[in-house]
Amino acid sequence: MDTLQDLTNLTHDAVSTLMLSPEEEEVQRVMTICNACRYCEGYCAVFPAMTRLLEFNKADIHYLANVCFNCGACLHSCQYAPPHEFGVNVPQAMAAVRPKTYAEFAWPRALGKLYERAGLTMALATAGGLALFLVLVLLVNQGSWLNAPLAGNFYAIFPHNLLVVMFGVVFLYAIVSLGVGVTSFWRMISPGAVPHATLSIAGLQATGNVVTLKYLDGGHGLGCNDEDDRFTLRRRVFHHFTFYGFVCCFIATSLGTIYHYFLNDPAPYPFFSAPVLFGTVGGIGLLIGPAGLLWLNVHRNPQHQVKAQEPMDRGFIALLLLVSLTGLALLMWRDTPAMGLLLAIHLGAVMGFFLTMPYGKFAHGIFRSAALLKNAVDKRMDAKATATA
């Protein structure tokens, strides 16, 4: 058993017998030191979860790595941080393991490994290739990249049913791939059989932690450490712009579907209609959020990061920016002869985003949600055991 995919059929106890990679051994080492010190116990979800463990096997290490939000607070408070001989750097150790989780649990696994090595190239190449294909289709069908003004009628360029089939297949692929990966991850880290009532309440708690990005407050409400030991809420703010921008775009697409199929009102829609307003707000959010995250990524304290993770981080951010920029450009110039060209580029960017979504940084939100669910389950089961003791 030389891959984490093999863990699907293993119990949590059997995982402890597997050999650790160098990155996993480093997490094991620093967690062993932290478990003896416990100065950072109240900082975030990692340290209370750590204290429930006497040793750290492969499953525990990947669970803790995905609970970590890389806020950096523990590093700047640690008496054993570099240049101390112990060299304890929890954020960097966890950051080195997380991409391994996404790559090893990716389906198909080969694509996860490829994205881990060349995320930015793979993301842009996928989006660019699809956009070029659609532009060529446009050129063949129309004989020109430009079209007569069509009052924003996208379906005059690409028929509605064709778009439904293309994006339906791509979206289904992304959902299935992510589902297979996170299911295997959950089986590895799962605490075992959990009562339905406990799982339901824990699910609500974990959902609250996810949508509020609770642990990006540094554990004390002041935020993360970015360039230095000063606290800032910038990462939390830019993550919120990104997350809720994505949610608004999803709502816009869902409303468009409802209008088309249930209200017999096909696109195009006026600017002040609900689908366009949600799409515009979402596009702006996906412009501000990723731009801010890219700036923070470039200027982040190098002790918080792992160089090898940059392609994955920046590939995801680049695609989000490309999707938002092309979407807003399409909205602004949808009544011009350039609409068809802009539409082809935007659709290529969106399909590229969904096709690479299971292998890039988007996956961290899914795996982290599963880890936070386990954390909430563990806390409730511990509380129940204490109450009945």
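Is the crossing of H7 and H13 left-handed or right-handed? The crossing of these two helices is right-handed, that is, the near helix is turned clockwise from the far one by less than a right angle. This is a predicted model, in which local features need pLDDT of at least 70 and side-chain atom pairs count only at pLDDT 80 or more, while totals for chains, interfaces and linings use all residues. Residues are numbered from 1 along each chain as its sequence is written, and side-chain values use heavy atoms, without hydrogens and water.

**Helix pairing**
- Helix H7 (residues 109–142) packs with helix H13 (residues 339–356) at an angle of about 145°, their axes being 7 Å apart; helices are DSSP runs (H or I, at least four residues) numbered from the N terminus, and axes are lines fitted to C-alpha atoms over the stretch in contact, with angles from 0 to 180 degrees between N-to-C directions.
- The contact (heavy atoms within 4.5 Å) includes Tyr115 and Met122 of H7 and Gly340 and Leu341 of H13.

**Salt bridges**
- The structure holds 15 salt bridges, each a side-chain nitrogen of Lys or Arg within 4 Å of a carboxyl oxygen of Asp or Glu.
- Asp382 and Arg52 meet in a salt bridge at 2.8 Å, N to O.
- This pair links distant parts of the chain, 330 residues apart.
- Lys361 forms a salt bridge with Asp313, the closest N and O atoms being 3.0 Å apart.
- Lys100, Glu104, Arg109, Lys113 and Glu116 are linked in a salt-bridge network.
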